[in-house]
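Biologist: Could you take me through the surface of this model, with attention to its nonpolar and charged side chains and to how they sit on the fold?

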Amino acid sequence: MARAATTTDAFNAVAEPRRRQILDVLAGGERPVNDLVDLLDLAQPLVSKHLRVLREVGLVDVRDAGRQRVYRLNAVPLKAVHDWVKGYAQAWEERFSALDDVLEELKAEENGT
């Protein structure tokens, strides 16, 4: 099966670490491009490229504020990612519970009980 383009859905868009960094910053509130460039210490063309991808999948919205373009997070497309990851929560819980059991056994052995 061919790999989907990064602009087709939120899964592919957030697969890139720098785009996740941008989303993390925007989760704190809207920001102009220059703020993102400074905060992430990335070149402006690279930030703009990533913002374009995020905008195309609907993860960010943009508005003009005078001479600046201000970006904000639109988390709605992330629901599909959340729903998918949520399906693994029970497996994680079971593994953490099993790990807790092992740790308790090790503590008991260490204490001689």
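**Surface patches and salt bridges**

Modeller: Of the protein's 113 residues, 23% count as buried, where buried is under 20% relative accessible area, exposed is over 50% and partly exposed lies in between (1.4 Å probe, protein chains only). The model is predicted, so local features need pLDDT of at least 70 and side-chain atom pairs count only at pLDDT 80 or more, while totals for chains, interfaces and linings use all residues. Residues are numbered from 1 along each chain as its sequence is written, and side-chain values use heavy atoms, with hydrogens and water left out.

The protein has six helices and three strands, arranged along the sequence as α-α-β-α-α-β-β-α-α; these are DSSP runs numbered from the N terminus, helices being H or I of at least four residues and strands E of at least two. Along the principal axes, the C-alpha atoms of the protein fill a box of roughly 70 × 35 × 20 Å. The radius of gyration of the protein is 20 Å, whereas a compact globule of 113 residues would have a value near 13 Å (taken over C-alpha atoms, with the globule rule being 2.2 Å times the number of residues to the power 0.38).

On this surface, a nonpolar patch is made up of Phe11, Trp84, Tyr88, Trp92, Phe96, Leu99, Val102, Leu103 and Leu106, which together have about 920 Å² of accessible area. Patches are made of residues with over 30% relative accessible area and no salt bridge, like charges being joined within 9 Å and nonpolar side chains (Val, Leu, Ile, Met, Phe, Trp, Tyr) within 5 Å. Helix H6 gives the most to the nonpolar patch, with six residues. Another member, Phe11, is found in helix H1, residues 10-13, and is partly exposed at a relative accessible area of 34%.

Asp100 belongs to helix H6, which spans residues 89-110, and its relative accessibility of 46% makes Asp100 partly exposed.

Helix H6 also holds Lys107 and Glu104, three residues apart or about one turn of the helix, whose side chains meet in a salt bridge of 4.0 Å, N to O; such a bridge is a side-chain nitrogen of Lys or Arg within 4 Å of a carboxyl oxygen of Asp or Glu. The structure holds seven salt bridges. In another of them, Glu56 and Arg52 meet at 3.3 Å, N to O, and being four residues apart in helix H4 (residues 44-56), Glu56 and Arg52 are separated by about one helical turn. Both partners are partly exposed, with relative accessible areas of 44% for Glu56 and 36% for Arg52.

The salt bridge between Arg72 and Glu30 has its closest N and O atoms 3.6 Å apart. Arg72 lies in strand S3 (residues 68-73) and Glu30 in the loop between helix H2 (17-26) and strand S1 (31-32), so this pair ties together parts that are 42 residues apart in sequence. Arg72 is partly exposed at 32% relative accessible area, and Glu30 is partly exposed at 35%. Through salt bridges that share partners, Glu30, Arg63 and Arg72 are joined into one network.

Terms used
Areas by Shrake-Rupley, 256 points an atom, 1.4 Å probe, with all protein chains shown as cover.
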